[in-house]
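Morning, everyone. Please bring up the model on your screens. I'll keep this quick.

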Amino acid sequence: MQQGQITYCGPAPLPGELWTAWNGDPWLIAALVLTALAGWRVPSRAAWLAGVAVLAVAFISPLCALASALFSARVLHHVLIVAIAAPLLARGAGWQARAGGAAFLAHLGAVWLWHLPQPYAAALASVPVYWLMEITLLASALWLWSTMLHAARAGQAVALALGTLLQMGMLGALLTFARRPLYEAHFATTQPFGLTALADQQLAGLMMWVPAALPYLGLALWRLTGHLLPAGERA
């Protein structure tokens with residue numbers, strides 16, 4: 001990590017330090033506890049609490065610190081937030097958002113913005129900007145998933161899911177096939193983990209290109225299957 005670089009989760013750890021690098025931020029822990037307690041008043045407590053647990057893994061576990069060292073860990077962190085935690089929370093709360101096109105554009109903008117090198121560097125250099133990144137990613141994902149899960153028309157939900165899958169795949173492909181590393185903050189932090197900065201970036205791209213797409217593909221198949229089943233057989 002360059003001198004003067006600030007990261008919310010702390011400086012990039014060495015491999016031997018990783019499993020002791022838990023985030024003990026009391027404000028974050030309190031926020032997660034309060035969010036979990038709010039689950040007692042939602043339609044599906046299990047889904048809500050599972051979503052909170054995923055957020056805890058993303059922000060409290062050593063993954064948070066590892067994301068200071070590896071861009072691929074940062075991408076995994078973001079995938080957990082937007083593709084796992086967000087649908088669980090939206091499902092648990094039973095939110096039924098509208099304006100699917102606006103939700104899609106808002107989420108597309110957030111994902112692309114915060115994975116551009118300059119905004120990404122700004123998020124690592126400032127705790128407020130870091131939280132702006134995380135909140136906009138989560139909020140836009142919650143809006144989009146609330147639309148896809150509860151859209152009255154299955155076709156709209158499928159189109160939104162496949163559109164999101166496509167744009168994340170495009171970003172993943174760009175990262176995978178870039179000829180040089182793009183994220184200066186990780187130029188000097190990947191070697192202890194046996195990766196060059198370019199290999200780390202390629203791993204991040206593959207992660208966004210393939211595993212991150214699965215929840216959206218699953219949602220599209222679920223909505224499409226539900227639409228094709230006879231009315232008496234739908235869940």
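Which residue does a disulfide join to Cys-9? The partner is Cys-64, with an S to S distance of 1.5 Å. Keep in mind that this is a predicted model. A search of the whole structure finds 1 disulfide. About its S-S bond, the torsion is about -40°, so the disulfide is left-handed. Now place the two ends. Cys-9 sits in the segment before helix H1 (26–37), and Cys-64 sits in helix H3 (residues 63–69), so the link ties together parts that are 55 residues apart in sequence. Both Cys-9 and Cys-64 are buried.

On to the core. The largest nonpolar core has 66 residues. Which of them touch the most other members? Leu-55, Trp-145, Met-148 and Tyr-216 do. Helix H4 (residues 71–93) supplies the largest share of this core, 13 residues. Take Leu-55. Setting aside neighbours within four places in sequence, Leu-55 contacts Leu-32, Ile-81, Ala-85, Leu-89 and Leu-138.

That brings me to H4. Is H4 largely enclosed or open? Of its 23 residues, 19 are buried, so H4 is largely enclosed by the rest of the structure. Next, its length. At 1.5 Å a residue, the 23 residues of H4 should span 33 Å. The end C-alpha atoms are 31 Å apart, which agrees. Where is the kink in H4? It lies at Ala-85, shortly before the proline Pro-87, and is about 35°. Ala-85 is also one of the contacts of Leu-55. Just after H4, Gly-94 takes a positive phi of about 70°.

That's my tour. Over to you.

How values were computed: Residues numbered from 1 in each chain as written. Predicted model: local features only at pLDDT ≥ 70, side-chain atom pairs only at ≥ 80, totals over all residues. Heavy atoms only, no water. Disulfide = S-S within 2.5 Å. Helix = DSSP H or I, 4+ residues; strand = E, 2+ residues; numbered from the N terminus. Buried < 20%, exposed > 50% of the residue type's maximum accessible area, 1.4 Å probe, protein only. Core = buried A, V, L, I, M, F, W, Y, C linked by side-chain atoms within 4.5 Å. Contact = heavy atoms within 4.5 Å. Expected span 1.5 Å × (residues − 1). Bend = angle between axes of the 7 residues up to and from the residue.
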